[in-house]
Amino acid sequence: MSYFSPFLVNMDGDEHAAARRRLIGEFSIRKMTAFRPIISSIVREAMNDLLDQDPPADFVEHFSNAIPNQILSKLTGIPETDLIQVERNTQEMLHGTDTEEEQRIASDRLHAHLSDVVAAKAKAPSDDLLSRLISDSTDRKGAVDSFEIASVIQLLQVAGHASSSAMISLSLITLSEHPEQFEALRRNPRLIPSAVEELLRFLSITDTGPLRLAVDDVELDGYVIKSGEGMVIPTLPANRDGAYYDEPDTFDIARKPAHRHIAFGFGAHQCLGQNLVRIELEEVLSSIIHQSPSLRLYDSLDEISFRYFGQFFGPAELRVTWDR
Ligand code: HEM
């Protein structure tokens with residue numbers, strides 16, 4: 001049973017290309033560069049909020065989890081409280097139901113809420129992604145297709161929130177586990193862009209993200225993938241391939257060239273949010289080294305508990321401390 005209009009990840013060929021074209025401009029390098037000051041101020045305010053707490057404080061609650069929804073809210077023009085509600089309703093639909101009937105009820109709740117969000121924006125459009133989706137839908141179909149727009153919002157929330165939050169927390173943990181690299185970054189902030197690429201490669205958090213179906217027989221290294229066979233293309237082994245990288249298991253923030261990893265997948269379905277993620281992580285690292293140079297983990301690695309948030313894994317809580 002399908003609760004959502006297919007969108008991007010489960011589309012193919014011309015249909016996928018047309019849907020992606022309608023959205024890709026919203027995430028272009030030019031647009032994201034213009035959006036950087038807003039991302040920066042969201043990150044800096046989150047850090048101020050963290051530093052206002054009494055240490056030890058939870059980095060996940062006050063920093064990693066706060067940032068992605070606020071950014072998506074500014075980008076889409078959807079109030080943050082509504083995005084949090086979308087996340088709750090989606091989790092309930094995906095993981096909190098046992099029967100098909102319960103799943104249908106949870107899906108109806110998610111759709112009813114998203115229809116309200118779309119209707120509210122249709123009444124008061126502005127210069128934001130949701131308003132543009134609404135006017136594009138009206139131009140193409142003669143009326144607002146709430147079902148389709150709901151799928152776009154839900155996909156952006158699901159693909160963008162837990163992944164970014166996990167990546168922010170895991171970045172702090174990884175740098176803390178490599179103190180000489182952390183120190184090199186503090187001494188030379190110009191390494192931030194290559195540090196972001198290395199964190200993406202080294203962590204490969206969407207390891208099972210890219211999924212493909214062979215439409216023809218394909219021969220790879222003497223092995224034939226038959227037409228119709230499905231494939232999970234894990235990013236971690238590719239990003240740690242010794243034939244491609246020197247010392248692939250070494251974390252090196254000065255690694256060159258930095259961009260060759262496939263942490264965002266590859267080809268037609270490559271991550272739509274990658275320009276946003278890069279800037280977000282650059283601002284996060286900049287905030288950590290400039291706003292809070294003494295920030296450090298409070299617990300040792302084996303005391304931190306990790307869990308899966310859908311596809312991505314990260315710490316459920318991450319206690320940090322700093323000098324006041
Ligand atoms: C650290 C954060 C992120 C990582 C590592 C990541 C990684 C990925 C990967 C591996 C894929 C599958 C690519 C493929 O099949 O080749 C993907 C797809 C996608 N990502 Fe991300 N992502 C992240 C954050 C985001 C954000 C913030 C957004 C948007 C707000 C986003 C939107 C999407 C969308 C819409 C797709 C589907 C694209 C399509 O099928 O055409 N992602 N991402």
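Predicted model: local features only at pLDDT ≥ 70, side-chain atom pairs only at ≥ 80, totals over all residues.
Residues are numbered from 1 along each chain as its sequence is written, and side-chain values use heavy atoms, with hydrogens and water left out.

The iron atom of the ligand has C271 (SG) as its only protein donor, at 2.3 Å; donors are N, O and S atoms within 2.8 Å of the metal (3.2 Å for Na, K and Ca), and since water is not among the atoms, sites may look incomplete. C271 lies in the loop between α11 (235-239) and α12 (274-291), where helices (H or I, at least four residues) and strands (E, at least two) are DSSP runs numbered from the N terminus.

I304 is placed in the loop between β6 (296-297) and β7 (306-309). I304 counts as buried because its relative accessibility is 9%, the classes being buried under 20% relative accessible area, exposed over 50% and partly exposed in between (1.4 Å probe, protein chains only). Beyond residues up to four places away in sequence, I304 touches I173, L297, D299, P315, E317 and L318, contact meaning heavy atoms within 4.5 Å. I173 is 131 residues from I304 along the chain, with 9.9 Å between their C-alpha atoms.

In helix α7 (residues 129-141), L129, L130, S131, L133, I134 and S137 are buried, and the buried residues of this helix pack against α1 (13-24), α4 (66-76), α6 (100-123) and α8 (146-177). Just after α7, G142 adopts a positive phi of about 85°.
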